[in-house]
Amino acid sequence: MGRLHILDHPLIQHKLSLMRDIHTGSKEFRELLEEIAMLMAYEVTRDFPLKEIEVETPICKMKTRVLSGRKVGVIPILRAGLGMVDGILNLIPAARVGHIGLYRDPETLEPVEYYCKLPTDAKERDLIVIDPMLATGGSASAAIGFLKKRECSGIKLVCLIAAPEGIKRMEKDHPDVDIFVAAVDDRLNDHGYIVPGLGDAGDRLFGTK
Ligand code: PRP
Ligand code: URA
């Protein structure tokens, strides 16, 4: 059964508050998102398995531990997920990156797929799906549905802000997937935006509005 993890580390909360501020410009917004993604990656990888190896220090031989699990794939949901990629790669530099392009139809709020390019060995990797906003949950649910259709497993979802509606949708559609968020906000408004949220993550990240 997947679990909801709320990452309330003070550094994450502080940086998220700066991102929410309407006066924060694109440059700072981008930097903060990357920094938070890196901090979140630290917690998301907490259950990664280790194995014992022997190394020789300048003093003597010793037994020590290194990662032993499956390789990792990072899957940003375009566009806004792109803003989290570098932060995660800072901690997991060997990860491969796969892209899933989805936009939310403004009328129906349903996700529309326009791009999908995954590492060829995606189904042998643990996958970290990233998107700053989990609103209705339609985009994340569809992206994870695509991955499962391609026989992928070991999937985690990492978002900055979630609405209760999005969490509910994920728990219904993908009860096996762990969800990591920095905050759960109050609700969605009539346009499907998270309240209080931070506005349109893609537009603020890329300065398109
Ligand atoms: C935003 C966001 C998520 C989606 C969340 O993307 O980055 O992908 O909305 O909403 P949902 O949970 O209701 O599906 P958007 O569709 O605005 O596309 P963009 O990232 O290209 O701006
Ligand atoms: N997508 C965003 O970028 N922001 C929201 O609040 C909801 C969906």
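Which polar backbone atom is 2.8 Å from an oxygen atom of ligand 2? That would be the one of alanine 201. I'm counting it as a polar contact, meaning a pair of N or O atoms within 3.5 Å; within protein, one must be able to donate a hydrogen and the other to accept it, and residues adjacent in sequence count only if both atoms are side-chain atoms.

Quick housekeeping, everyone. This is a predicted model, so local features need pLDDT of at least 70 and side-chain atom pairs count only at pLDDT 80 or more, while totals for chains, interfaces and linings use all residues. Residues are numbered from 1 along each chain as its sequence is written, chains are lettered from A and ligands numbered from 1 in the order in which they are written, and side-chain values use heavy atoms, with hydrogens and water left out.

Okay, back to ligand 2. Isoleucine 194 also puts a polar backbone atom 2.8 Å from an oxygen atom of the ligand, and glycine 199 has a polar backbone atom 2.8 Å from a nitrogen atom of ligand 2. On its own, ligand 2 exposes 240 Å², and the protein buries 88% of that; those areas come from the Shrake-Rupley method with a 1.4 Å probe, and for residues only the protein chains shown count as cover.

Who is around ligand 2? Arg104, Met133, Ala135, Gly192, Tyr193, Ile194, Gly199, Asp200 and Ala201, where near means that a heavy atom of the residue lies within 4 Å. By class, that shell has five nonpolar, two polar and two charged residues. For the classes, Ala, Val, Leu, Ile, Met, Phe, Trp, Tyr, Cys and Pro are nonpolar, Asp, Glu, Lys and Arg are charged, and the others, Gly among them, are polar.

Now ligand 1. It has 15 residues around it, and Arg104, Asp131, Thr136, Gly137 and Ser139 come nearest. The side chain of aspartate 131 has an N or O atom 2.4 Å from an oxygen atom of ligand 1, and for the side chain of serine 139 the distance to an oxygen atom of the ligand is 2.5 Å.

Strand E6 (99-104), strand E9 (133-134) and helix H4 (138-149) each give at least two residues to the shell of ligand 1. Helices (H or I, at least four residues) and strands (E, at least two) are DSSP runs, numbered from the N terminus. The shell of ligand 1 splits into six nonpolar, five polar and four charged residues.

So where do the ligands sit? The pocket itself is an open set of points on a 1 Å grid over the protein atoms alone, with protein on both sides within 12 Å along at least five of seven lines; a cavity is a set where a 1.4 Å probe fits but cannot get out, and lining residues have an atom within 4 Å of a point.

The largest pocket has a volume of about 700 Å³, with grid points joined across faces, edges and corners and the volume being the space filled by probe spheres set on them. It is lined by 28 residues, and Tyr103, Arg104, Ser139, Tyr193 and Asp200 lie nearest its centre. Strand E4 (72-78), E6, E9, H4 and helix H6 (201-206) give two or more residues each to that lining. The lining has 15 nonpolar, eight polar and five charged residues.

The second largest pocket comes to about 410 Å³. Of its 18 lining residues, Thr45, Phe48, Leu67, Val72 and Ile92 lie nearest the centre. There is also one cavity of 30 Å³ or more, lined by Gly2, Arg3, Leu4, Glu171, His174, Pro175, Val177 and Ile179.

Leucine 78 and arginine 79 are joined by a cis peptide bond, with omega about -5°, and arginine 79 lies in the loop between E4 and helix H3 (82-91). The bond from valine 195 to proline 196 is cis as well, omega near 0°, and proline 196 has its place in the loop between strand E13 (194-195) and H6.
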